[in-house]
Amino acid sequence: MGGMRNSRITDSGRNVRTVSYASLLIVCIAAILFFPAAFAAEAAESGSGQEASHVGSPVVDSPLRYDISVHIDPVERTLRGRSVITANTREELTLVIGRRFEVLKARVDDEQIGSSATVGAMRAWRIPGEEKLPRRIEIEWRGELSPLDTSLDHRQTLGQNEPVSGESGTFLPDSSGWYPYLAGELASYDLSMELPAGQRGLVAGRLMEESESSQGYRARFEFPAPTGGIDLMAGPYIVETRTIRSAGGKPIVLRTYFHREVGDLAGEYLDSVKGYIDLYESWIGAYPFTEFSIVSSPTPTGFGMPTLTYLGLEVLRLPFIRATSLGHEVLHNWWGNGVYPDYAKGNWSEGLTTFMADYAYKERENDAAAREMRQGWLRDFAALSPSQYAPLTSFTSRTHGASQIVGYNKAAMVFLMLRDLLGRETFDRALQAFWREQRFRVASWEDLQRAFEAASGRNLHAFFDQWLTRPGAPAVRLTEAVRVKAEGENRHVSVTLEQTEPAYRLRVPIAVRTQQGEEIRTVDLENTRQVFSIETDALPLEVILDPDLRLFRHLMPQEATPILRQVMVNKTTVTVLLPESGPVRDAAEVLVTKLQHRAPKLIPGTDNMPAAPALVIGLQDQVDAWLARHELRRPEDIKGKGSAQAWTTRLPDGTTLAVVSARDIESLAALTRPLPHYGRQSYVVFEGAKAVSKGTWPTRPQAVKLD
Ligand SMILES: [Zn+2]
């Protein structure tokens, strides 16, 4: 949504300094909402805010401030508002509001505002520069809100981008232009809202006052730091409150704004949030705000903003949300909404948040869980086509699977390699300093590099440069390993590593299995071919390259088993639909569109196999005939099982083939919903819509046995 608003601003021809930050975090939980069943499947396996005045007090003064009051009627679906904008800047400004709203009054320094231009769904006014400060812009507006449609899925909700309202919920996303704002500017705000009795509402920030009578509900919120936008939520909420003490002793008010249906979850959500705030305060520094709220949504959405997260009722009920996504969202109050990424130079906040939340929780679980997550990242990356290898400096937000694989996962792995290089203590100290210096500022990857250099006393230019600006990943090969006799003892191995041009500078973990166990060494690979001499404590038996997968690299074919995601995200994938016409063909078409989220590249079933990833869909007999023609077979493990099967196989030329085979049209149609959620698997067996068996084919590391 941030991107959308930004593009509208760009359309108006104004030079954009910043983008909308508040809506930045939508993407995080969106990732879960796009693949909920997969997450569910994995999970199955495995006080009042009236006190105190020191809150989120800005270290950066905001030259812009909005004083807004709105009245919302969810039954009538109407909004009426008044805003006074105070601007302590002499620059030219662009005032924007959604075109669906009628502007009743608009004055700039007590003069009638000029004429507006239409930019997409927005109306925009140019406000020329002015010497005399402060400047005052006053607007009154009103309009109708769209009806809340709870039948939409998350993708549709995101695409809709309009202010919606109904008795069960109101959501006014910043990007809908529901209030007048200055394009591309950060601003602080004070917002009062009025709602009918029985309704509660909130925006990000601090609840300063609230009252309820038979006349209705009123609440006033303040956000004193400069921020990028305002999203407003309301509904028939029951509010639970708990006040905790931050590390520095100040109170932090935690609240749930929950619909009655999920009211019983409030206690455990509040417990979890407290745990996360404690964790990150001790790891990074004091929580920068005075509250955090979890808000339920009648639509299956997942949004994160400063001081709150807005989650669909169904999402809140998923058992793993508290254990993972919630912590990710809480951490974004430091990275993303506490320090703002400099989008023009690449968004680092998702990678760092993934590393310190999702990945950190796996590390706390155990080594195997953490390794499995790294393996998943590398496998997903191996599923991309080279055209999808964007450099990290060009990542802004998650718009599709490929951008998440780079912007979240590759970036998280870069932080892991950096911590391996500097040591945990130095790494954490750098982040604490970065936090102290950059709180409520816009910071770039370069600022992060400077913080890590200052803490470690090392020049990290080469490290950051190669990982941020080069697209793709290094491909490292273990080409030779021989035992060398030295002084009569067989305790030396000579190991040859190769990588493609231009060479990366890499610290490559090498494991040597000896008679007494395993020894891990790290070697510095800087050339395209290098020979290393490794001394061991006991007789060496086998050399294994990076067995724990701590290096971000292209997995070699035997290291990366083919997974279904390959034919879902790789844009060069070709598809063969074996049913030629009729309802079975239609069902196959629906399935492939759902899998790939784009128009598939279809080729006839009679064609030879192209040198690209391929997806073949058909009924059992058709699939068997097709396999026979290509001298392929069903994998033994899944043969004859279930009503439908999907599996991958690697063809002799190294490309991935995925096959979907169903007993009949009903079994094929039943896959439409669940199958897209199993991208991480090599095979899945379904009984109807239920996955009864799944897994990945075994992998083999790069290893050389010593004779
Ligand atoms: Zn995130």
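The second largest pocket of this predicted model holds about 550 Å³ of space. Its lining comprises 24 residues, and those closest to the centre are Leu421, Arg505, Leu506, Arg507 and Asp524. Domain 2 (340–469) and domain 3 (476–545) each supply at least three residues to this lining. The points below treat the pocket lining, an open sheet and the aromatic pairs in turn.

**Second largest pocket**

- Two or more lining residues come from each of helix 10 (401–422), helix 13 (461–469), strand 27 (506–514) and strand 28 (517–525).
- Sorted by class, the lining contains 12 nonpolar, 3 polar and 9 charged residues.

- Eight strands form an open sheet with mixed pairing, in the order 5-4-8-2-1-13-16-15.
- The edges are taken by strand 5 (111–112) and strand 15 (206–213); each has a single partner strand, so one side of each has no neighbour in the sheet.
- Strand 15 runs antiparallel to strand 16 (residues 216–227), and 7 bridges join the two.
- Glutamate 212 faces tyrosine 217 of strand 16.

**Aromatic pairs: tryptophan 335 and tryptophan 435**

- Across the whole structure, 36 aromatic pairs are found.
- In the pair of tryptophan 335 and tryptophan 435, the ring centres are 6.0 Å apart and the planes stand at 90 degrees, so the arrangement is edge-to-face.
- Tryptophan 335 belongs to the loop between helix 7 (325–331) and strand 23 (340–341), whereas tryptophan 435 belongs to helix 11 (residues 424–438); the pair therefore ties together parts that lie 100 residues apart in sequence.
- Tryptophan 335 has a relative accessible area of 0% and is buried.
- Tryptophan 435, at 3% relative accessibility, also counts as buried.
- Both tryptophan 335 and tryptophan 435 belong to a cluster linked by ring pairs, whose other members are Tyr189, Phe223, Tyr280, Trp283, Tyr287, Phe289, Trp334, Trp348, Phe434 and Phe440.

**Aromatic pairs: phenylalanine 395 and tyrosine 408**

- The rings of phenylalanine 395 and tyrosine 408 are also edge-to-face, because their planes are at 80 degrees, with the centres 6.0 Å apart.
- Phenylalanine 395 is in the loop between helix 9 (367–382) and helix 10, and tyrosine 408 is in helix 10, with 13 residues separating the two in a pair that links distant parts of the chain.
- Phenylalanine 395 and tyrosine 408 are both buried.

Note on methods:
Residues are numbered from 1 along each chain as its sequence is written. This is a predicted model: local features need pLDDT of at least 70, side-chain atom pairs count only at pLDDT 80 or more; totals for chains, interfaces and linings use all residues. Side-chain values use heavy atoms; hydrogens and water are left out. On a 1 Å grid over the protein atoms alone, a cavity is a set of points where a 1.4 Å probe fits but cannot get out, and a pocket is an open set with protein on both sides within 12 Å along at least five of seven lines; lining residues have an atom within 4 Å of a point. Grid points are joined across faces, edges and corners, and a volume is the space filled by probe spheres set on the points. Helices (H or I, at least four residues) and strands (E, at least two) are DSSP runs, numbered from the N terminus. Ala, Val, Leu, Ile, Met, Phe, Trp, Tyr, Cys and Pro count as nonpolar, Asp, Glu, Lys and Arg as charged, and the others, Gly among them, as polar. Domain bounds come from an automatic or database domain assignment. Two strands pair if DSSP finds at least two bridges between them. Rings of Phe, Tyr and Trp (its six-membered ring) pair if their centres lie within 6.5 Å; planes under 30 degrees apart count as stacked, over 60 as edge-to-face and the rest as tilted. Buried means under 20% relative accessible area, exposed over 50%, partly exposed in between (1.4 Å probe, protein chains only).
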